[in-house]
Structures are given as C-alpha cells and as structure tokens.
Amino acid sequence: MENRDKKSILNRLALPEKELEELLDISFYKVIQKGDCFINAGEIPRKFAFITKELFRYVYIHENGNEFTKSIITENNFVSSYSAMIYNSPSYFFIEALEEVEILEINYENWLELKEKNPFWNIFLLKIIEKAFSVKEKRERELLLLDAEKRYEIFVTEFPDLENRISQQIIASYLGIQPESLSRIKRKYKGLT
C-alpha cells in the first residue's frame, strides 16, 4: 500500500500532518484472511493494528471448545491484546478475523520509540484507552444486569448490518447465550418490529 493510500485511511483519525506522517512511517498494510488470527491466545503480542476494513472479534476458547466472544471490533478502531503487550505476557484471547480484514499493523517497540520522541502520542493513547475502557464498562454492565432479549436489542442497534455477515453462533457467543436461545429471541423480536 502506498503512503497516499495509508494517508487517506489514517485521515479517519484526524491527526495533524506531522503526526500522521510519523504513524505512517511505523505502520504497514496487511490483509488477514477470514478465520485467521491477528494474535493467538498464548502468544506474547508485540504488535497492534488499526482496522481499515471489516471486523475482528476477541474470543476466549475454553479447553472444552466452547467459545466466548468478548468483543466485536469494527473498522476505524484499534485492535490489540493490550495488557498482554504492555506486560510482555501471553494473551488470554484470540483476535480472529470475521471477514477478510485490512489493517495497518504497528510494531510495539516502534510505537514506544515514537511515544518517547513526541508527547502527542501519550495524549492520543489516553483517548484510545478511555474509549476502550468506556466500551468495556458498558459491555460488562449489559452482561451483568440485562436479560438476553435486551442484550440482543442493543446488539442489533449497535451493529445493524452484522446479523447477515457473521454466524449466529458468534452472535450467540457475544450475547452470552446458546444459539437455540438466540433463535427464540430473534423470532420474538421480529414479531414485535
């Protein structure tokens, strides 16, 4: 990918020209095929990425094979096993491509050097972390306090086009229910709308 193409993608981040060029210098374009992982559980991640097209999910896989979808991350967002990366420890979850995903990958060591040279990036990182924390807090509240029907309603509102793009099993996993329960909820929901 040429710098002008990366530049048009990163313009979505509304960065000043100097900082945009700095980020372009340490990022590279990559395609992750559907079903492949950007980061695997057990791997010590040394990279993160900005999603330019399509989506990933963060998924825990129990030793018995059961999957638990922690998050669905859409384009124009960053994807990372951040705590594992900063503590140099294995990731607890997989970051799986749900479609053919296009990313700009950033090496963590290069990122640390960039932050050291320009304090702008610490402020930028804080904004990204605040956004991620808010999303995480909201998701936890929904899983703990709302019933499955309300969680499905929120899912449809937040991700209006995903039902036709990802499997019902993944949606059920994201909602914390069995696929059979999702089918019942969908029938009821469609009957009300």
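Which residue in E8 is the bridge partner of Phe 48? The legends below take up this question first. This is a predicted model, in which local features need pLDDT of at least 70 and side-chain atom pairs count only at pLDDT 80 or more, while totals for chains, interfaces and linings use all residues. Residues are numbered from 1 along each chain as its sequence is written, and side-chain values use heavy atoms, with hydrogens and water left out.

**View 1. Pairing of strands E3 and E8.** The bridge partner of Phe 48 in E8 is Ile 106. Strand E3 (residues 47–53) and strand E8 (residues 101–107) pair in the antiparallel sense over six bridges, where pairing requires that DSSP finds at least two bridges between two strands. Strands (E, at least two residues) and helices (H or I, at least four) are DSSP runs numbered from the N terminus.

View 2. Four strands form an open sheet in the order E1-E8-E3-E6, with antiparallel pairing. Strand E1 (27–32) and E6 stand at the edges with a single partner strand each, so one side of each is left without a neighbour in the sheet.

**View 3. Two loop residues with positive phi.** Ala 14, in the loop between helix H1 (3–10) and helix H2 (17–26), has a positive phi of about 55 degrees although it is not a glycine. Asn 76, in the loop between strand E5 (67–73) and strand E6 (78–79), has a positive phi near 70 degrees. Most residues other than glycine have a negative phi. Ala 14 is exposed, with a relative accessible area of 66%, whereas Asn 76 is partly exposed, at 33%; exposed means over 50%, buried under 20% and partly exposed in between, with a 1.4 Å probe and protein chains only.
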